[in-house]
Amino acid sequence: MVSSCRALYISEILSEISYQLEDDRKSLSRLARCCKAFSDPALDVLWRRMSLFSPFTPLLPPKVLTLWVEYQFSAENIAGFQCPPMHEWKAFDAYARRVRILHSGASHFLAGVATIRADLNVFPFLRSMSMQLQEPIQPGIRLFPETLQSLEISGPAYINCKDSCIQTALAHAARHAPSLKHLHVEDYSYNSDRLDTPPLHFKHLRSVEISAFISSNVLKSLCCVLAQSPVIELKIELPPTSCIWDTPQSLFPYLERVDIHGTPALAEAFITNISSPCVRSLTVRHSRGPARLEDCSRLFSTIVNKCGSSLQSLSLTISRSPVLHNHDGVAHDIMDALFPLMPNFEHLEELHLSLPSATQVDDYPAVEASGWPALRRVEFMAT
């Protein structure tokens with residue numbers, strides 16, 4: 001019995017016990033109040049993942065709390081506000097330093113605290129953050145800590161948002177979060193035709209996801225802003241309007257995995273401008289809008305020209321289109337356009353096809369793999 005109790009003196013064991021209780025916050029709270037030895041490991045897990053700012057409100061210094069309760073950190077009242085001394089932030093910092101994952105919702109509270117404490121990071125050890133931008137991030141504040149590795153930013157719920165929100169946020173992230181590896185931009189409505197930010201240098205950015213309702217020109221500018229970062233994985237939703245991708249610089253020269261959501265014509269235009277010679281996995285998902293046979297043929301030819309020597313996995317989904325009538329016939333026409341090109345894929349191992357058809361999957365013609373150099377797996381599905 002004594003030897004069993006001694007195990008609890010080992011900090012790693014206490015931490016593991018706390019992590020096993022991560023979804024049981026009541027037990028973690030009891031554990032944190034049990035004794036001083038249990039307190040820190042339990043509190044680390046309790047405050048590790050936060051989705052609201054309300055737990056931090058009572059921890060604010062008295063004058064800052066009044067500023068929030070009475071004025072909601074309005075620009076007029078926060079301007080010239082004297083930041084309280086460090087000892088008044090002791091309780092706030094004791095818990096803020098434990099946060100690793102923050103789903104902040106609206107950014108107003110965080111931006112207000114960051115403005116008051118302009119020289120410090122509000123959450124200094126944060127690794128993952130999602131936030132809804134309501135206004136541009138003011139210069140001189142540190143919203144993103146150096147430890148940040150994953151960032152998701154989304155636009156406000158109203159249409160007339162200020163178009164500089166995203167470019168200021170990205171510029172701040174590039175400057176203050178050098179370890180950023182994953183970036184997700186979601187649901188924007190813009191009034192501007194393009195972004196003015198020059199290409200930013202995220203030295204460690206590997207994964208980008210853009211699922212945004214934005215104009216095609218803004219999307220083009222956003223891609224140019226991120227294009228020179230060492231991104232190897234890209235997921236992108238193309239807007240329904242066409243875009244002229246006549247960019248002066250190459251786009252995403254290090255890409256290995258690409259997932260595109262859009263019509264065949266839009267996907268073909270985007271793939272044409274990818275400069276990476278080593279795309280190994282490509283997915284094109286069409287769920288709405290036109291999908292003409294000639295657009296599909298051009299898409300297939302472009303994929304061969306851009307990725308034929310490197311592609312290992314290809315997945316194509318063509319959904320039912322308002323311009324298609326005989327879906328069974330079109331499905332076979334699409335395969336007739338694709339299959340003669342297959343020998344050009346030198347290293348393709350997997351092919352996944354989801355095509356518009358009312359027939360059963362078993363009714364698709366058998367694939368003769370003899371002319372397909374490295375193909376190991378073929379899957380057909382009907383959309």
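Pro198 is exposed in this predicted model. Its relative accessible area is 53%, and exposed means over 50%. Pro198 sits in the loop that links strand E5 (182–186) and strand E6 (207–211). In sequence, 24 residues separate Pro198 from Leu222. In space, their C-alpha atoms are 9.7 Å apart.

Leu222 belongs to the buried residues of H10. Helix H10 spans residues 216–226. Ten of its eleven residues are buried, so helix H10 is largely enclosed by the rest of the structure. The buried set holds Ser216, Val218, Leu219, Lys220, Ser221, Leu222, Cys223, Cys224, Val225 and Leu226. These residues pack against helix H9 (165–176) and helix H11 (264–272). They also pack against E5, E6 and E7.

Strand E7 covers residues 233–237 and includes Glu237. Glu237 has a relative accessible area of 16%. This value is under 20%, so Glu237 counts as buried. The side chain of Glu237 makes a polar contact with the side chain of Arg288. The contact distance is 3.4 Å.

A nonpolar patch lies on the surface. Ile10, Ile13 and Ile17 form this patch. Together they have about 210 Å² of accessible area. Ile17 is located in helix H2, residues 11–20. Ile17 has a relative accessible area of 35% and is therefore partly exposed, between the 20% limit for buried and the 50% limit for exposed.

Technical notes: Residues are numbered from 1 along each chain as its sequence is written. This is a predicted model: local features need pLDDT of at least 70, side-chain atom pairs count only at pLDDT 80 or more; totals for chains, interfaces and linings use all residues. Side-chain values use heavy atoms; hydrogens and water are left out. Patches are made of residues with over 30% relative accessible area and no salt bridge: like charges are joined within 9 Å, nonpolar side chains (Val, Leu, Ile, Met, Phe, Trp, Tyr) within 5 Å. Accessible areas come from the Shrake-Rupley method with a 1.4 Å probe; for residues, only the protein chains shown count as cover. A salt bridge is a side-chain nitrogen of Lys or Arg within 4 Å of a carboxyl oxygen of Asp or Glu. Helices (H or I, at least four residues) and strands (E, at least two) are DSSP runs, numbered from the N terminus. Buried means under 20% relative accessible area, exposed over 50%, partly exposed in between (1.4 Å probe, protein chains only). A polar contact is a pair of N or O atoms within 3.5 Å; within protein, one must be able to donate a hydrogen and the other to accept it, and residues adjacent in sequence count only if both atoms are side-chain atoms. Contact means heavy atoms within 4.5 Å.
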